[in-house]
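Biologist: I have the sequence and the model open side by side. Could you walk me through some of the labels?

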Amino acid sequence: MKLASLKSGRDGELVVVSRDLTRAVRVPQIATTLQQLMEDWDTNAPQLEDIYRRLNDGELDQAFELDHHSLQSPLPRTYHWADGSAYLNHVQLVRQARNAEMPETFWSDPLMYQGGGDRFIGPFDDIEAISEDHGIDFEGELAVITDDVPMATSPEQAAGHIKLIMLVNDVSLRGLIPGELAKGFGFFQAKPASSFSPVCVTPDELGEAWRDGRVHLPLTVHLNGEMFGAPEAGPDMIFSFPRLVAHAARTRHLGAGAVIGSGTVSNPDPDGGPGKPVADGGVGYSCLAEVRMVEKILHGDSTTPFMRFGDRVRIEMFDDGGHSIFGAIDQRVVKYTP
């Protein structure tokens with residue numbers, strides 16, 4: 001099943017979306033928002049599955065052509081947004097570039113920060129930034145949406161609480177990160193509003209690509225129309241989504257509609273190197289910080305710039321048949337004037 005939220009008020013209007021992402025239908029008789037759906041998933045989801053089947057079979061006269069620009073992020077806001085860092089190749093590169101050791105605990109205890117869930121950016125809406133000097137970056141990721149998750153839930157139990165999957169652009173201001181981390185209290189100003197794919201999907205929509213709590217497909221990223229990366233999202237995800245959900249719920253209950261992110265998708269070279277650009281035969285990258293770290297490691301200096309006003313990033317994932325699964329995050333960076 002595929003779901004989305006039309007732009008309408010703060011919480012959007014829930015629609016069921018066809019498998020090919022071209023048509024949709026409103027379902028106010030079941031739930032008006034995705035948050036409402038998540039809060040009574042077991043009752044509402046089976047009804048929506050029937051509507052989804054009928055929509056794909058062309059049986060619903062009330063279905064309409066879907067303009068992806070009319071969509072907000074599936075959850076325009078949430079009570080809980082926490083982002084992990086499950087691809088330790090990314091973490092390793094960042095630490096190596098600044099000559100910092102990788103603590104052994106990173107391989108057994110996931111990194112995670114709690115972001116701002118009060119307002120997300122729509123998948124085609126501009127990324128507003130105050131200054132290019134802040135080091136504007138994108139981060140291509142995946143995320144899951146859960147129902148209510150009890151405190152101290154195990155990874156095995158957490159797998160059953162994962163109801164929906166979507167893509168993420170976790171916008172980062174790299175220039176602000178060092179100063180904030182130096183305070184010893186984590187990110188805040190360096191992590192402005194994130195954005196998510198136009199559509200979220202139930203795990204069964206991914207078929208065999210969803211296994212071991214991971215999505216085994218490439219995540220494609222284009223920067224200003226040029227292929228920037230297509231790293232594989234499955235094999236190098238050290239901590240699975242059930243593991244990340246269990247980590248988030250270790251000492252607290254997670255409310256329905258909680259969003260848990262994977263962190264930047266990242267692959268090392270098969271020979272163990274730090275990764276190569278697409279132009280050099282590698283799978284590329286999901287963020288600018290990573291290519292800059294590789295440049296510094298290999299050549300002593302970072303030459304790739306962060307995003308400038310007017311730059312555009314596109315993040316998307318395709319199935320084995322070449323069909324877009326979630327739709328695209330396609331955003332331009334613009335200057336915000338208070």
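Modeller: Let's begin with leucine 21, which is buried at a relative accessible area of 7%. This is a predicted model, where local features need pLDDT of at least 70, side-chain atom pairs count only at pLDDT 80 or more, and totals for chains, interfaces and linings use all residues. Residues are numbered from 1 along each chain as its sequence is written, and side-chain values use heavy atoms, with hydrogens and water left out.

Biologist: Why is leucine 21 called buried?

Modeller: Buried means under 20% relative accessible area, exposed means over 50%, and partly exposed is in between (1.4 Å probe, protein chains only). Leucine 21 has 7%, so the label is buried. Leucine 21 sits in the loop between β2 (13-17) and β3 (23-26); strands are DSSP runs of E, at least two residues, and helices are runs of H or I, at least four, numbered from the N terminus.

Biologist: What is the phi of leucine 21?

Modeller: Leucine 21 has a positive phi of about 70°, although it is not a glycine.

Biologist: And what makes asparagine 224 partly exposed?

Modeller: Its relative accessible area is 42%, so asparagine 224 falls in the in-between class. Asparagine 224 belongs to the loop between β17 (219-223) and β18 (226-229), and its phi, near 50°, is positive in a residue other than glycine.

Biologist: How do you know whether methionine 293 is buried or exposed?

Modeller: Its relative accessibility is 16%, which is under 20%, so methionine 293 counts as buried. Methionine 293 lies in helix α7 (residues 288-299).
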